[in-house]
Amino acid sequence: MKDLLLKFKIELPQGIYLKDPESSTLGKKIIENSIILIEDIGFEDFNFKKLGKQIGSNESSIYRYFESKHKVLLYLTSWYWSWLEYQLVLETYSMTNIEDKLKKAIEIVTKTTEQDDKYTHINEVLLNKIVIEENSKSYLTKDVDTENEEGLFLPFKRVVHRLSDMIITCSPTYEYPLSLASTIIVGSLKQHFIKKHFKSISNYDGDKQPTDFFTDLALKTLLING
């Protein structure tokens, strides 16, 4: 199992891109600089003209990889969720205590991200900031149902199902494992946003983090150690 994890390759739904950006130096440059630019100026002000200027390439070359900036955001958020799924599997596969395993899983999906040197063209720290600030814009669109049917949100849904399975293992009679799992994952992004932008309605003073809140919420909801 460990050998398989070491050979893990992030694969994303093909409908997100026209040409796999991982297949070329230019494609990787597009992804690397999209992360830098979106984190710097925000998704609303991001466009292919600005990206092309930053990478020293024509807009037309970017359109060979992505049909729109929306698909770029979908790619980045999907990459993040696939990478997070890998972290979940890697860091919990050998754990035997089900409560400790659930706590570890909650920590992984709610903590701030540290740089992973395995992917040199992707800054996971900046990408985590983009997911916190911009993730909802990838699905709060009129096309969400169509894109969902096309499987473009599968990486995110896999993370929810993995966490839900751990919740079920801890509390087999609990009726809302998927709802709790998605609340923890999506809610943690909102709480990180609130911690940064709306401190007056946040309890994360001192060393307290969203991870502490969602761990407490889950354990009390599931009546573990209650």
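## Briefing on the helical core and aromatic contacts

At 5% relative accessibility, F48 counts as buried, because the cut-off for that class is under 20%. F48 belongs to a predicted model, and in this model F48 is one of the residues in contact with F66, which is itself among the residues with the most contacts inside the largest nonpolar core.

**The nonpolar core**

- The largest nonpolar core contains 55 residues, and those with the most contacts inside it are F66, Y75 and L163.
- At least two residues of this core come from each of α2 (25-41), α3 (48-55), α5 (69-92), α6 (98-110), α7 (124-134), α9 (154-170), α10 (177-197) and α11 (210-221), and the largest share, 11 residues, is supplied by α5.
- Once neighbours within four places in sequence are left aside, F66 is in contact with I16, Y17, L18, P21, I30, I31, F48, K71, V72 and Y75.
- As a general background, nonpolar side chains tend to be buried together in soluble globular proteins.

**Helix α6**

- The N-terminal end of α6 is capped by N97, which has a side-chain oxygen 3.1 Å from the backbone nitrogen of E99.
- E99 is also one of the buried residues of α6, a list that continues with L102, A105, I106, I108, V109 and T110.
- The elements that cover these buried residues of α6 include α5, α9, α10 and α11.

**Helix α7**

- In α7, 8 of the 11 residues are buried, and the helix is therefore largely enclosed by the rest of the structure.
- The buried residues of α7 are E124, L126, L127, N128, I130, V131, I132 and E134, and what covers them includes α2, α5 and α10.
- N123 caps the N-terminal end of α7, with a side-chain oxygen that lies 3.0 Å from the backbone nitrogen of V125.
- E134, which is found in helix α7, counts as buried at 7% relative accessibility.
- Not counting residues up to four places away in sequence, E134 touches I38, G42, F43, E44 and L73.
- F43, one of the residues that E134 touches, also has the charged end of K69 sitting over its ring, 4.6 Å from the ring centre.

**Aromatic pairs**

- A search of the whole structure finds 11 aromatic pairs.
- One of these joins F48 and Y63, whose rings have their centres 4.8 Å apart and their planes at 70°, so the pair is edge-to-face.
- Because F48 lies in helix α3 and Y63 in helix α4 (residues 59-63), this pair ties together parts that are 15 residues apart in sequence.
- F48 counts as buried at 5% relative accessibility, whereas Y63 is partly exposed, with a relative accessible area of 39%.
- The rings of F193 and F198 have their centres 6.1 Å apart and their planes at 50°, so this pair is tilted.
- F193 counts as partly exposed at 27% relative accessibility, and F198 is likewise partly exposed, with a relative accessible area of 45%.
- W79, Y80, W81, W83 and F156 form one aromatic cluster.

- V159 is found in helix α9 and is buried, with a relative accessible area of 0%.
- The residues that V159 touches, not counting those up to four places away in sequence, are W81, E85, L88, V109 and I185; of these, W81 is a member of the aromatic cluster and V109 is one of the buried residues of α6.
- V159 and E11 are 148 residues apart in sequence, and their C-alpha atoms are 14 Å apart in space.
- T215 has its place in helix α11 and is buried, with a relative accessible area of 16%.
- The side chain of T215 reaches the backbone oxygen of T211 at 2.8 Å.
- With neighbours within four places in sequence left aside, T215 is in contact with K103 and I106, and I106 is among the buried residues of α6.

How values were computed:
Residues numbered from 1 in each chain as written. Predicted model: local features only at pLDDT ≥ 70, side-chain atom pairs only at ≥ 80, totals over all residues. Heavy atoms only, no water. Core = buried A, V, L, I, M, F, W, Y, C linked by side-chain atoms within 4.5 Å. Buried < 20%, exposed > 50% of the residue type's maximum accessible area, 1.4 Å probe, protein only. Helix = DSSP H or I, 4+ residues; strand = E, 2+ residues; numbered from the N terminus. Contact = heavy atoms within 4.5 Å. Polar contact = N/O pair within 3.5 Å; in protein donor to acceptor, adjacent residues only side chain to side chain. Phe/Tyr/Trp six-rings, centres within 6.5 Å; stacked < 30°, edge-to-face > 60°. Lys NZ or Arg CZ within 6 Å of the ring centre and 35° of its normal.
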